[in-house]
Amino acid sequence: MAERPAPRPLGSAGVSPASGQDARATGIRIEGLRKRYGSGDTAVDALKGVDMAVAPGEVVGLIGPSGSGKSTLLKCLGAIIEPSAGRMTLGTQTIYEDGWRIPDLRALRRDKIGFVFQAPYLIPFLDVTDNVALLPMLAGRPNAEARQRAHELLGALDVAHRAAAMPSQLSGGEQQRVAIARALINRPPVILADEPTAPLDSQRALAVIGILNRMAQQYQTAIIVVTHDEKIIPTFRRIYQIRDGRTHEEAGEGRALD
Amino acid sequence: MISLAGRDILHAWGKFVFTGVGLGLLIGVTLSMAGIYRGMVDDAEVLLDNSGADLWVVQKDTLGPYAESSSLYDDLYRGILTLPGVERAANVTYLTMQVGSGERERRAMVVGVVPGGPGEPGQPDTLVAGRHITRGHYEAVADLMTGFRVGERVRIRRNLYTVVGLTRRTVSSGGDPMVFVPLKDAQEAQFLKDNDAIVHQRRRTEANPALNRPGVPGVLEAVLASQSVNPAVNAVLVRLSPGADPDRVAADIRRWKRLQVYTRAEMQEILQAKLIATSARQIGMFLVILAVVSAAIVAFIIYTLTLGKIREIAVLKLIGTRNRTIAGMILQQALGLGLIGFVVGKTAATFWAPIFPKYVLLLPGDAARGFVIVMVICALASLLAIRAALRVDPAEAIGG
Ligand SMILES: Nc1ncnc2c1ncn2[C@@H]1O[C@H](COP(=O)(O)OP(=O)(O)OP(=O)(O)O)[C@@H](O)[C@H]1O
Ligand SMILES: [Mg+2]
């Protein structure tokens with residue numbers, strides 16, 4: 001990553017500091033987040049005070065060498081593991097401040113956070129539509145309504161023509177787009193993407209990032225993309241570089257996507 | 001709502017049907033085992049029903065005539081007939097032996113009955129073809145299971161009998177079909193020695209000076225004649241007059257004739273406890289083993305299927321699916337497998353029951369109980385898989 005442009009000073013990028021509005025208006029913000037694995041002599045301080053803020057409609061990159069704490073940060077943001085200290089807010093709601101501030105993390109994940117993984121991990125026994133519509137259906141929404149919403153998203157992601165196919169019948173890029181649709185189905189204010197382009201060739205990788213940008217704009221979602229992928233790093237306007245458990249914010253090239 | 005379990009089963013139906021059929025055959029065997037036990041109980045029941053008796057009079061200190069051998073003089077019944085409360089009394093003999101027809105031989109229980117037709121204790125109640133035994137010799141009524149036909153000549157020991165009638169569900173407690181013959185013939189068949197034995201016995205009797213005294217003619221002939229008839233029967237079947245108390249009459253016979261008498265309830269107890277009990281325990285052991293094996297199979301299958309979906313389960317948990325939903329999916333799959341298995345098993349058991357050589361009685365109640373047990377076993381068997389699924393860390397979906 002040596003060839004990336006020199007960091008720009010913070011502040012010029014679109015972090016909106018507003019408070020007193022809803023999550024969509026203020027996005028996600030973390031301050032002084034720490035995570036220590038284990039205790040005593042074998043303790044590992046994976047995060048040593050991370051600050052980060054992502055506004056609605058924004059796609060930021062999260063990069064860093066192996067073992068720097070990217071996955072740890074993503075798991076904290078996704079309320080999968082508990083941080084050790086610091087503060088996380090989603091919109092105006094404090095979800096973590098030296099302890100979880102909301103009782104039902106599962107509901108938080110379901111309603112407020114979308115996940116996109118390196119592999120699409122679609123449910124092999126459900127067709128494309130039901131993979132996307134799964135969450136609202138499990139939550140007891142009428143099937144027809146959930147499928148209708150799934151169709152709209154699949155249309156927006158250009159995979160509507162594969163709506164009746166099984167996941168195994170799709171190409172890698174199509175599967176990843178279906179996974180993105182699944183992450184969007186509950187219109188979450190935040191999407192966390194873990195190496196979403198790793199298995200894709202450069203053209204498809206750029207297409208996926210293009211889609212994420214479009215969706216961010218369209219649904220006013222804050223999107224954080226963890227990546228190693230040199231092909232897509234130049235597309236971010238803002239990048240968080242994580243090194244030795246701390247984040248450093250940099251301006252990205254923000255190269256235009258077609 | 002969407003049924004994840006149902007969709008998974010539809011998607012991988014081949015796997016489910018295949019294992020379901022395997023499990024089903026096992027369940028079919030289990031149901032058949034229960035049916036064999038029920039058949040044995042029913043065989044004993046119809047044995048008592050068919051005898052048409054209210055009391056069984058047998059040799060003192062025996063459990064006869066079905067569970068032990070018993071021997072009575074064949075004129076005892078006259079005395080019994082005179083007792084109050086006794087409507088009818090008839091001699092009967094039972095002997096399991098080979099009955100031949102042409103080249104074929106069939107194992108059967110040969111029952112010696114007093115000729116006379118229905119109503120006489122010991123006589124089969126209803127016939128499906130032909131008529132009852134009316135002549136005193138060389139006629140037979142056979143159970144359908146023997147495969148004999150009306151008019152056919154069958155061989156018992158050295159004599160030929162004409163089949164004049166057919167019955168059904170007249171079997172011994174061991175499940176052998178019955179062949180009814182006139183009492184006199186049956187007594188002879190029971191007693192009949194081979195020619196060499198008769199010749200030997202004659203020679204020995206003639207050589208005995210006490211029996212062959214010069215100047216006392218006729219003694220030897222009388223002795224020889226008495227040696228060639230068999231005055232014994234196995235039991236006297238007693239029918240009571242309406243309103244008579246079986247226990248009272250039984251007590252009377254015991255007191256006056258110093259014989260063993262069993263009521264219907266006691267006879268049933270003897271058959272159940274002495275003849276069926278061991279087989280029942282044997283079958284019980286089989287049922288337990290089959291249940292354990294079925295449980296192990298279901299547990300193994302469901303566990304393997306679940307392990308194959310660990311990644312998907314991690315994703316489901318990560319995106320906010322409740323544990324209840326995931327556990328429900330696995331439980332429903334186990335129950336679905338059990339359902340397929342039960343349907344296959346019940347069908348198979350029903351289909352192959354008539355092919356069994358002995359009576360297999362499939363009771364709806366047993367099937368219902370079996371269904372509940374299968375479902376409980378499947379539910380228990382899925383616990384292992386559910387535990388594994390609930391332990392899956394949602395973080396696994398994100399990886400390092
Ligand atoms: N469960 C854990 N227990 C103890 N230490 C852990 C655990 N998970 C991660 N770590 C440590 O925390 C640090 C950060 O790990 P993390 O997985 O966040 O790195 P990463 O940036 O995702 O690396 P990579 O690019 O290789 O995936 C590493 O030193 C790792 O060894
Ligand atoms: Mg990682």
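Me: How much area do chain A and chain B bury between them?
Reply: This is a predicted model. In contact are 27 residues of chain A and 26 residues of chain B. Carbon and sulfur atoms account for 67% of the buried area, and the total between chain A and chain B is about 2600 Å².

Me: Which residue of chain B forms a salt bridge with Asp130(A)?
Reply: Between chain A and chain B the count is 1 salt bridge. The closest N and O atoms of this pair are 2.5 Å apart, and the partner of Asp130(A) is Arg7(B).

Me: Which helix gives the most to the side of chain A that touches chain B?
Reply: Helices α2, α3, α4 and α5 of chain A each supply at least two residues to that side. The one that gives the most, with 5 residues, is α4(A).

Me: Is Asp43(B) buried or exposed?
Reply: Asp43(B), in helix α2 of chain B, pairs with Arg169(B), 126 residues apart. The two side chains meet in a salt bridge at 2.9 Å, N to O. Arg169(B) is partly exposed at 23%. Buried means under 20% relative accessible area, and at 2% Asp43(B) therefore counts as buried.

Notes. Residues are numbered from 1 along each chain as its sequence is written. Chains are lettered from A and ligands numbered from 1 in the order in which they are written. This is a predicted model: local features need pLDDT of at least 70, side-chain atom pairs count only at pLDDT 80 or more; totals for chains, interfaces and linings use all residues. Side-chain values use heavy atoms; hydrogens and water are left out. Contact means heavy atoms within 4.5 Å. Buried area is the accessible area (1.4 Å probe) that two parts lose on being put together, summed over both. A salt bridge is a side-chain nitrogen of Lys or Arg within 4 Å of a carboxyl oxygen of Asp or Glu. Helices (H or I, at least four residues) and strands (E, at least two) are DSSP runs, numbered from the N terminus. Buried means under 20% relative accessible area, exposed over 50%, partly exposed in between (1.4 Å probe, protein chains only).
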